[in-house]
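This report goes through charged pairs, surface patches and a few individual residues of one protein model. The sequence and structure follow.

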Amino acid sequence: MRLSALFLSASPICAVAFAVPAVAQQASAPAADDRADGHTQPSIQIVVSAPFERKRDDVASAVTVLQGDDLQLQQRSTIGETLARQPGVSSTFFGPNASRPILRGLDSERVRVLTDGIGSFDVSNTSVDHAVAVNPLLADRIEILRGPAALLYGSGAIGGVVNMRDLRIPREVPQSGPHVDAVAGLASAAEERNVAASVNAPLGGGFVAHLDGSFFESGNYRTGGFVFSKDLREEAAEEGGEVADEAQARGRLENTSARTWDVAGGLGWVGSNGANFGFAVSHLENRYGIPNSLEIHHDDHGEEGGVTALAEDDHEGHGHEDITLDMRQTRVDVRGAVPLGGAFKELKVRGGWADYRHDEIESTGEIGTSFFNRSWEARAELVQAQRNGWQGASGLQYFSRNFNAVGEEAYIPANETRQIGLFTLQEFDLGVAKLEAGARYEHATVRSAAIGRERTFESVSLSLGGSVDLGSGFRLALSGARSERAPSAEELFANGAHAATRAFEIGNPDFRKERQIGGEAVLRGRGEGWRVELSAFINRFDNYIFLNPTGEEEDELPVFQYAQADARFYGFEAEGAVTVAQAGDTRFELTGLVDYTRADVLGANGQQGGAVPRIPPLRLIGGLEASGSVIGGRLEVEHATAQRRIAAFETETPAWTMVNASVSWKPFGAQSQTTLMLQANNIFDVEARRHTSFLKDVAPLFGRDIRLSARFSF
């Protein structure tokens, strides 16, 4: 049996709107955007997801920064869909309301999603139908990190880090009265409406009060083309009758509406010497539907490589008919910094605690399963003063998670996870070359009293990289890393029916640590009227953890057991732009992006054993963009190739091509922070499916979507 086999469905990676991400901007960008309202926004050429700010071009691995107008263009209700069009990024897309980022084919436990450097404190890692408890509508800036900086945030960041920064704990005192940021939007495909606003108001004496809130509501979204894939339509036609008719459905996908709101208040103190301290309290509620499936009856669950039943009979409650998730989270965040003298610049502290619950509500209105999670995380970072081109930071991090699930689909027993980590990041400026090194030691304990098992893991991760100026505007960066990750509670202790993936999942409490050795090369170049960035990577895993079909059945579901084997991931990303014309302040650029990831599970002696499931195919985006004036716009074409390298129980995903366009207007001048934007995505209403989605055969991407948004800052 092929070790690479996994579940049934997948779908091409998305991409509906933007080509070149915010990191590829003008070469002469300043270190910060000092606006007339007194609010300072760091330049996109500065990486802030570290104890000390660093120039992006000097970082030894690929980094993506999204903020301002570029963030507005990409902003969606989930963090996965907000980032899905960035280089090397896809998303899980379990319908429009539950979507988590995938970085270079790695997801779940291997990608940490953070809010201002602290975890999201949810259960999105346990299942693809569980939404991430972060709100992109309130994001001030989002960074995607790999390489040494990722070691600051835990061994779970073996694939990378997504860090969303908000303004809930004030970082500065507004200079001219209260500072307001607001966004609002309407969209046609899901009849969406949203609004979010935040206010930072000076109180005197260095104190700043914060208040924010948001509201999002959408209906059932409209797809392009058929709702169900060609394979499912053919299978339904063989059964005939009502199922065959239902399989021809077009238009809106039932049970995909959502309603989300959150509110937060905070207080911060900012001293004249750089000292600061603040806290925030927030509450989030999110109620959303899971896409319904096509019910096809089988005597068995399909053969390897075929389409299995995407909705079960009503046996054991495994059907996904009108399931609604009701999520609630209350969290408290703190942050502070104390300036020091001598060899150390400052001491930074960051902490958070959250009480999370979500109920999975059946079509009858009864609660089928409830998930509970109480977590807290704290970190302290000692930042070194810069001496002779040497700067760095070292710190301590502690994480605690208490998880429990109650109900008919509680396939993971109650468990506790405790992690304590020591880390350091050092940077050396040698003039023509810059070096950086990172290290992390982590002690993790994963325990389930319910089954009487406890595992302890000691993990050591190391990273080394550097960049050198090649002249003529080019800089070459090379990096390598050796990382270790302790298995999660889900991978160790799962044992039960998992309706979201249509499988009976079984963990292995005897798993070893997952190890990865990888390397990356990045070539960056920029000059007058052009910019380019090329990156290539390879990662070799020992004891890679994945779900593998056993060929057996339990509770009328196919059994998938977590297994370990060696694996290899490699690929590349390329993006660039060239100015083709200038009309006054308006600059016209041709832009392009291409990314590709290949992943194989390796058999004996390192021989290829088969494809890792749900790996995005080759993607290309090209566009013509106008910017620099009060009127801007973009016309682009995006193409995702067919994905035919599949694991057992997957189906192939056809290629698709979308055409997207947008126009923006800054009514108060080109440098103002007020932008009105009109977008038309998937203009020709094509049927597109993302291979990285478990639901790709029953939940295609949005059809034609007209979006109107406004962003204000004053």
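Which backbone oxygen lies 3.5 Å from a polar atom of the side chain of Q673? That oxygen belongs to Q671. The model is predicted, so local features are given only at pLDDT of at least 70 and side-chain atom pairs only at pLDDT 80 or more, while totals for chains, interfaces and linings use all residues. Residues are numbered from 1 along each chain as its sequence is written, and side-chain values use heavy atoms, with hydrogens and water left out.

Q673 is in the loop between β36 (656-665) and β37. Helices (H or I, at least four residues) and strands (E, at least two) are DSSP runs, numbered from the N terminus. Q673 has a relative accessible area of 12% and is therefore buried. Buried means under 20% relative accessible area, exposed means over 50%, and partly exposed is the range in between, with a 1.4 Å probe and protein chains only.

K696 sits in the loop between β37 (675-681) and β38 (705-713). K696 counts as buried because its relative accessibility is 1%. Its side chain makes a polar contact of 2.7 Å with the side chain of T651. A polar contact is a pair of N or O atoms within 3.5 Å; within protein, one must be able to donate a hydrogen and the other to accept it, and residues adjacent in sequence count only if both atoms are side-chain atoms. The side chain of D697 also makes a polar contact with the side chain of K696, at 3.4 Å. Between K696 and F94 there are 602 residues in sequence separation, and the C-alpha to C-alpha distance is 8.3 Å.

**Salt bridges**

The structure holds 61 salt bridges. A salt bridge is a side-chain nitrogen of Lys or Arg within 4 Å of a carboxyl oxygen of Asp or Glu.

| Pair | N to O distance |
|---|---|
| D685 and R222 | 3.1 Å |
| R401 and E490 | 3.2 Å |
| E625 and R634 | 2.9 Å |

D685 and R222 form a salt bridge. This pair links distant parts of the chain: D685 is in the loop between β37 and β38, R222 is in strand β15 (residues 222-226), and they are 463 residues apart. D685 counts as partly exposed because its relative accessible area is 22%. R222 is likewise partly exposed, with a relative accessible area of 22%.

R401 and E490 meet through their side chains in a salt bridge. They too link distant parts of the chain, with R401 in strand β22 (residues 390-407) and E490 in helix α5 (residues 489-493), 89 residues apart. Both R401 and E490 are buried. E625 and R634 are buried as well.

Salt bridges also link D116, R171, R331, D333, R335 and R350 in a network.

**Surface patches**

L186, V630, I631, V663, W665, L676, L678, I706, L708, F712 and F714 make a nonpolar surface patch of about 940 Å². Patches are made of residues with over 30% relative accessible area and no salt bridge; like charges are joined within 9 Å, and nonpolar side chains (Val, Leu, Ile, Met, Phe, Trp, Tyr) within 5 Å. Accessible areas come from the Shrake-Rupley method with a 1.4 Å probe, and for residues only the protein chains shown count as cover.

At least two residues of the nonpolar patch come from each of β36, β37 and β38. Strand β38 gives the largest share, 3 residues. I706 is in strand β38, and its relative accessibility of 38% is why I706 counts as partly exposed.

A negative surface patch is formed by E552, E553, E554, D555 and E556. Asp and Glu count as negative and Lys and Arg as positive, with His and the chain ends not counted; the place of a charge is NZ of Lys, CZ of Arg, CG of Asp or CD of Glu. E553 is in strand β30 (residues 530-554). At 42% relative accessibility, E553 is partly exposed.

**Positive phi**

Most residues other than glycine have a negative phi. N255 has a positive phi, near 60°, and is not a glycine. N255 lies in the loop between β16 (250-252) and β17 (258-270). Its relative accessibility is 13%, so N255 counts as buried.

S472, also not a glycine, has a positive phi of about 60°. S472 is in the loop between β25 (453-471) and β26 (474-485). Is S472 buried or exposed? S472 counts as exposed, because its relative accessibility is 68%.
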